[in-house]
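Me: I have a new structure to read and would like to start with its overall make-up. Please take me through it step by step.

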Amino acid sequence: NLKLAADKLLRTGSGDIELAAAGDIELGSGAAIYSAGYNTPAVADFRVTSLAGNAFPTGGGDVRIRAGGSVVSKVETPGQVTDWLYRQGLGGNNKAQFRTPGWWPQIPEFKNGVAALGGGDVAIEAGGGMANLLVATATNARQPATFLQAVDPSRQVIQGGGDLSVRTGDDIEGGLFFVDRGTGRINTGGAVVEGLARANLTTATVLALGDASTGVSARRGVYLESVINHSLVDQSGVNSSNSRNAYFVTYGDDSAVRLSSVAGDTVLKSPVVGLGLYPGTLEAVALQGNLVIEKGFTLMPSLVGDLRLLAGGSIEMRDGESIILSDLSPADFNRLANPISSFDAGEIAKLVRPSLEAKESDTHSPTPVHQADMRPVYVVARTGDIIGQSGAAVFANLAKPAVFQAGRDILDT
């Protein structure tokens with residue numbers, strides 16, 4: 001076995017890290033393994049105000065881990081991406097509180113996981129399982145700006161990112177997987193199940209994406225807590241002051257999540273974290289089991305966005321909120337160049353979950369997003385039912401043609 005003691009670090013800059021053990025690899029509480037890259041020069045008209053320890057790295061190395069047994073973090077919870085990925089961005093009439101928009105890894109705050117924080121790929125392979133681990137390929141961004149002057153998005157400097165690969169022979173318990181400017185591939189011969197959040201409480205796996213796509217494939221079932229965009233999640237610690245709060249969307253046009261279970265069920269809990277905004281494409285498949293959606297969500301509008309819900313058994317919606325394939329213009333959503341300081345201060349919340357009283361013009365782009373998209377949405381329960389919530393909202397609000405097909409009944413949709 002290989003054990004990294006509590007609060008210890010195994011790190012490098014632009015070099016690679018490779019660990020191998022015939023048995024288990026265990027990270028004590030607070031321990032971390034990462035490449036950090038090297039810091040880059042200042043950018044004109046951008047600065048981080050009153051917050052030490054920030055870095056905008058690039059050129060980071062790869063991290064590769066192989067275990068004959070399991071890879072485990074002994075911490076009770078891996079925390080949130082925003083515990084260590086800081087951001088800022090607030091403009092207005094108060095010059096003292098003006099912040100140039102950006103995000104970056106606050107490297108000393110990264111704990112309980114494995115990451116490439118300044119660019120580079122992360123690959124973990126375990127003959128056993130994985131538990132409560134944070135795995136990330138991070139980016140950083142700077143948007144130069146001047147007080148009360150128009151912001152030029154073409155001046156943005158975005159660095160880092162990489163691919164994330166996880167392969168296990170047994171279950172993946174909980175954990176958080178964050179991918180930006182790359183592709184995530186998570187495969188297990190077991191199931192993706194709940195992990196320990198804290199004493200007597202459990203939480204399922206969370207996928208965090210920026211301009212990226214992630215696929216999860218499991219032999220015996222997928223139980224997913226949520227899909228989040230990191231810059232829509234509340235900031236943490238010293239990064240959460242009112243003069244630094246910033247919310248914006250970083251999904252790309254082709255950002256996607258693809259989930260597949262061979263023998264078990266696929267379950268999306270989908271609590272409203274970051275407003276329940278998923279990337280533009282979602283594919284959720286249970287080849288021989290059921291597909292269960294415990295709460296509705298909204299897909300980010302995208303010209304290439306798509307929705308596929310496929311089950312060998314039944315598809316069931318357990319909450320009154322609909323699934324929304326948005327027909328709004330992607331330009332309506334706040335980005336790095338125009339962040340808002342709270343959800344209440346802008347229109348993001350109204351865009352993600354429009355009210356039933358919303359006007360037609362408030363829910364559709366003047367030019368339909370999917371007018372050139374010939375691919376229909378598929379909702380297929382091969383041998384079972386498609387079940388909505390009796391007396392509740394419609395099953396889905398879709399901005400393009402759809403095929404609903406069931407081996408038995410289609411109920412309350």
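Predicted model: local features only at pLDDT ≥ 70, side-chain atom pairs only at ≥ 80, totals over all residues.

Reply: Residues are numbered from 1 along each chain as its sequence is written, and side-chain values use heavy atoms, without hydrogens and water.

Me: How many helices and strands are there in the protein?

Reply: Helices (H or I, at least four residues) and strands (E, at least two) are DSSP runs, numbered from the N terminus. The protein has one helix and 41 strands.

Me: What share of the residues counts as buried?

Reply: Buried means under 20% relative accessible area, exposed over 50%, and partly exposed in between, with a 1.4 Å probe and protein chains only. Of the 413 residues, 54% are buried.

Me: How do the side chains point along strand E18?

Reply: In a regular strand, side chains alternate between the two faces of the sheet. In E18 (residues 164–168), Leu-164, Val-166 and Thr-168 point to one face and are buried.

Me: Which strands are joined to E18 by bridges?

Reply: Two strands pair if DSSP finds at least two bridges between them. Strand E13 (residues 122–126) runs parallel to E18 and is joined to it by five bridges; Val-122 has Leu-164 of E18 as its bridge partner. Five bridges also join E18 to strand E21 (residues 183–188), again parallel, and Thr-168 stands opposite Thr-188 in E21.
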